[in-house]
Amino acid sequence: QLQACGGGLVQPGGSLRLSCAASGSIIGGNVMGWYRQPPGKQRELVANILWGGSTNYADSVKGRFTISRDNPKNTVYLQMNSLKPEDTAVYYCNLRQSGMDHWGKGTQVTVSS
């Protein structure tokens with residue numbers, strides 16, 4: 001089970017921090033990440049982070065977003081800075097382990113003045 005929180009309404013240029021805690025049968029070596037689905041568009045990868053800390057970012061968020069994780073807490077974070085209206089989307093937490101994807105319910109992020 002994945003429980004995400006931290007979404008909300010923010011003005012352009014502002015910041016938000018998302019967090020997602022995983023519970024249940026968590027296997028070491030997993031990959032955790034964040035995806036988003038803008039209105040009327042497909043879900044897309046925002047960033048992911050391997051168990052050892054290696055990260056991967058979508059080009060659109062490089063330099064603005066930072067993903068991190070706390071393995072003992074099975075938690076992944078997404079620090080979002082310099083937010084733009086085009087970052088508006090439902091953000092989904094993802095856990096990939098043993099070849100399977102697990103998804104959280106999603107949290108709304110709206111960037112608007």
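The legends below describe close-up views of a predicted model.

**View 1. The disulfide between C20 and C93.**
The structure contains one disulfide. The bond links C20 and C93, with an S to S distance of 2.1 Å. Its S-S torsion is about -90°, so the disulfide is left-handed. C20 belongs to strand β3 and C93 to strand β9 (residues 89-97), so the bond ties together parts that are 73 residues apart in sequence. C20 is buried at 1% relative accessibility, and C93 is buried at 0%.

**View 2. The sulfur of C5 and the closest cysteine sulfur.**
For C5, the closest cysteine sulfur is that of C20, at 8.4 Å. A disulfide requires the two sulfur atoms to lie within 2.5 Å; the separation of C5 and C20 is therefore too far for a bond. C5 is partly exposed, with a relative accessibility of 42%.

**View 3. The salt bridge of R36 and E44 on paired strands.**
The side chains of R36 and E44 form a salt bridge, with an N to O distance of 2.8 Å. R36 is buried at 4% relative accessibility, whereas E44 is partly exposed at 32%. These two residues are also bridge partners in the strand pairing, E44 being the partner of R36 in β5. The strands concerned, β4 and β5 (residues 44-50), run antiparallel and are joined by six bridges. Together β4 and β5 make a hairpin with six residues between them. Within that turn, G40 has a positive phi of about 75°.

**View 4. The salt bridge of R64 and D87 and its network.**
Side chains of opposite charge can pair when their charged atoms come close. R64 and D87 meet in a salt bridge at 2.7 Å, N to O. R64 is placed in the loop between β6 (55-57) and β7 (65-70), and D87 in the loop between β8 (75-80) and β9, so the contact ties together parts that are 23 residues apart in sequence. Both R64 and D87 are buried. Through salt bridges that share partners, R36, E44, R64 and D87 are joined into one network. The count for the structure comes to five salt bridges.

**View 5. The salt bridge of K62 and D59.**
K62 and D59 pair through their side chains in a salt bridge of 3.1 Å, N to O. D59 is exposed, with a relative accessibility of 64%.

**View 6. The aromatic pair of Y35 and W103.**
One aromatic pair is found in a search of the whole structure. The rings of Y35 and W103 are arranged edge-to-face, with 5.0 Å centre to centre and 70° between the planes. Y35 lies in strand β4 (residues 31-37) and W103 in strand β10 (residues 100-103), so the pair ties together parts that are 68 residues apart in sequence. Y35 is buried, with a relative accessible area of 15%, whereas W103 is partly exposed at 36% relative accessibility.

**View 7. R43 over the rings of Y92 and W103.**
The charged end of R43 is positioned over the ring of Y92, at 3.7 Å from the ring centre. R43 also lies over the face of W103, 4.6 Å from the ring centre. W103 is the residue whose ring pairs edge-to-face with Y35.

**View 8. The hairpin of β5 and β6.**
Strands β5 and β6 pair in the antiparallel sense over three bridges. I49 stands opposite T55, which belongs to β6. The two strands form a hairpin with four residues between them. In this turn, G53 has a positive phi of about 110°.

**View 9. The surroundings of G13.**
G13 is located in the loop between β2 (8-10) and β3 (16-22). With a relative accessible area of 54%, G13 is exposed. Leaving aside residues up to four places away in sequence, G13 touches S82 and L83. G13 and S112 are separated by 99 residues in sequence, and their C-alpha atoms lie 9.7 Å apart in space.

Note on methods
Residues are numbered from 1 along each chain as its sequence is written. This is a predicted model: local features need pLDDT of at least 70, side-chain atom pairs count only at pLDDT 80 or more; totals for chains, interfaces and linings use all residues. Side-chain values use heavy atoms; hydrogens and water are left out. Buried means under 20% relative accessible area, exposed over 50%, partly exposed in between (1.4 Å probe, protein chains only). Contact means heavy atoms within 4.5 Å. A salt bridge is a side-chain nitrogen of Lys or Arg within 4 Å of a carboxyl oxygen of Asp or Glu. Rings of Phe, Tyr and Trp (its six-membered ring) pair if their centres lie within 6.5 Å; planes under 30 degrees apart count as stacked, over 60 as edge-to-face and the rest as tilted. A charge sits over a ring if NZ of Lys or CZ of Arg is within 6 Å of the ring centre and within 35 degrees of the ring normal. Two strands pair if DSSP finds at least two bridges between them.
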